[in-house]
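User: Please walk me through reading a structure, feature by feature. Keep it brisk.

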Amino acid sequence: MAQAYTIPETASRKSAGYALIWLLLFCGFNACAGTGKIIATAGLLQIEGSGGGGVVPWATLTGYDSRSQTSATAYATRLSVDDFRLNSFGAALSFYDRVEISLARLNLDVKPLNTNIAQTVAGAKIRLYGDVVYSAWPQVSAGIQYKHLQDSHIASSLGVLHTSGTDWYLAATRVHLGMVAGYNLVWNATIRYTDANQLGLLGFGNQQGHNRKLVGEGSAAVLLSDHLAIGIEYRQRPDNLAIGESAIRDVFVTYIPSKLFNITMAWVDLGSVAGLDDQQGIYLSLGGQLW
């Protein structure tokens, strides 16, 4: 009589253990996965990795998590203008629609000098009040972006003393349902305390020190459908180096086919960058929710 094959007890226990862990993780992720918000109200990941528009952080926290969920998002962005090309990529985590942490890497190609500047940005944001849709007043959040410049040779040549700096900001965001001819309107206003030159890619402050200033930023967009938005942004910048650093302006179109994916294209006017005027070009960003 042939002996029946049996799985060794230890292997069986390991397999059962692995299956249980996988099941718990899978169920846990699905139970906590960020799906709670209305589509298109979570915003994007801006160029420094924080939740918001393309270049302005908003009061919204990235991802679709509700107050009982978590979410993770990632993005990749390319901004190409006449004399520069900026690549940015990163990821962010949102916990219970209350706290966001983010990490981004920026790489700037300086075409006239045939060189590259790299910067790392670590961010955190906390929602202080409200909800972009349901509260009586706009949602308000406070955030921080710590920036560290890996390649400081150009900043040093300009006499900049600091290769690291911290931006502090306070943002208010509101969605008005059906406000513009029946379409939803979203707006954001941000006040930033910063000494970053060209987002920090040319260091922080000047020869006298950090020299931080308050600057204003804003965004407005109309949601033409649940999946399509058009809008504008404005971001003021300090001119610590007296080289005519001007505000950033853009006009964007965002397509959001689902909560898992979004794509944004924009025309961007950087104005003067490092003394080179009329830097205009195209911004393209892809974003996705990991859970």
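**A loop residue and its contacts**

Analyst: Leaving out residues up to four places away in sequence, glutamine 207 touches Leu158, Gly159 and Leu161. Contact here means heavy atoms within 4.5 Å. The model is predicted: local features need pLDDT of at least 70, side-chain atom pairs count only at pLDDT 80 or more, and totals for chains, interfaces and linings use all residues. Residues are numbered from 1 along each chain as its sequence is written, and side-chain values use heavy atoms, with hydrogens and water left out.

User: Where does glutamine 207 lie? How far apart are glutamine 207 and leucine 161, in sequence and in space?

Analyst: Glutamine 207 lies in the loop between S9 and S10. Strands (E, at least two residues) and helices (H or I, at least four) are DSSP runs, numbered from the N terminus. Glutamine 207 and leucine 161 are 46 residues apart in sequence, yet 6.0 Å apart from C-alpha to C-alpha.

User: How do I read the overall fold?

Analyst: Start with the elements. The protein has two helices and 14 strands. Then look at pairing: two strands pair if DSSP finds at least two bridges between them. Here 12 strands form a closed barrel with antiparallel pairing, in the order S3-S4-S5-S6-S7-S8-S9-S10-S11-S12-S13-S14. Neighbouring strands of this sheet are turned by 20° against each other on average, direction ignored. The axes are lines fitted to C-alpha atoms, and angles run from 0 to 180 degrees between N-to-C directions.

User: How many bridges join the strand pairs S4 and S5, S5 and S6, and S8 and S9?

Analyst: S4 and S5 pair over 12 bridges, antiparallel. S5 and S6 also pair antiparallel, over 12 bridges. S8 (residues 164-180) and S9 (residues 183-194) are joined by 10 bridges and run antiparallel. Phenylalanine 84 stands opposite valine 110 in S5. Leucine 103 is opposite alanine 122 in S6. Histidine 176 is opposite leucine 185 in S9.

User: Which residues take a positive phi in the hairpins of S4 and S5 and of S5 and S6?

Analyst: Look between the strands. The hairpin of S4 and S5 has three residues there, and tyrosine 96 takes a positive phi near 60°. The hairpin of S5 and S6 has four, and asparagine 114 takes a positive phi near 50°.

User: Where do asparagine 211 and alanine 242 sit?

Analyst: Asparagine 211 is in the loop between S9 and strand S10 (213-223). Its phi is positive, about 55°, although it is not a glycine. Asparagine 211 is partly exposed, at 36% relative accessible area. Alanine 242 is in the loop between strand S11 (228-235) and S12. Alanine 242 also has a positive phi, near 55°. It counts as exposed, at 65% relative accessibility.

User: How should I read a nonpolar core?

Analyst: In soluble globular proteins, nonpolar side chains tend to be buried together. A nonpolar core is a set of buried Ala, Val, Leu, Ile, Met, Phe, Trp, Tyr and Cys residues joined through side-chain atoms within 4.5 Å. The largest one here has 37 residues; Leu79, Leu86, Leu108, Ile117, Val268 and Leu270 have the most contacts inside it. Among the elements that each supply at least two residues of this core are S3 (70-81), S6 (115-129) and helix H2 (153-157). Another core lies apart from it, with seven residues, including Ile39 and Leu223.

User: Which residues does leucine 108 contact?

Analyst: Leaving aside neighbours within four places in sequence, leucine 108 is in contact with Phe84, Arg85, Leu86, Thr115, Asn116, Ile117 and Leu201.

User: Is serine 272 buried or exposed?

Analyst: Serine 272, found in strand S13, is buried, with a relative accessible area of 7%. Its side chain makes a polar contact with the side chain of aspartate 277, at 3.2 Å. Such a contact is a pair of N or O atoms within 3.5 Å; within protein, one must be able to donate a hydrogen and the other to accept it, and residues adjacent in sequence count only if both atoms are side-chain atoms.

Definitions and conventions
Buried means under 20% relative accessible area, exposed over 50%, partly exposed in between (1.4 Å probe, protein chains only).
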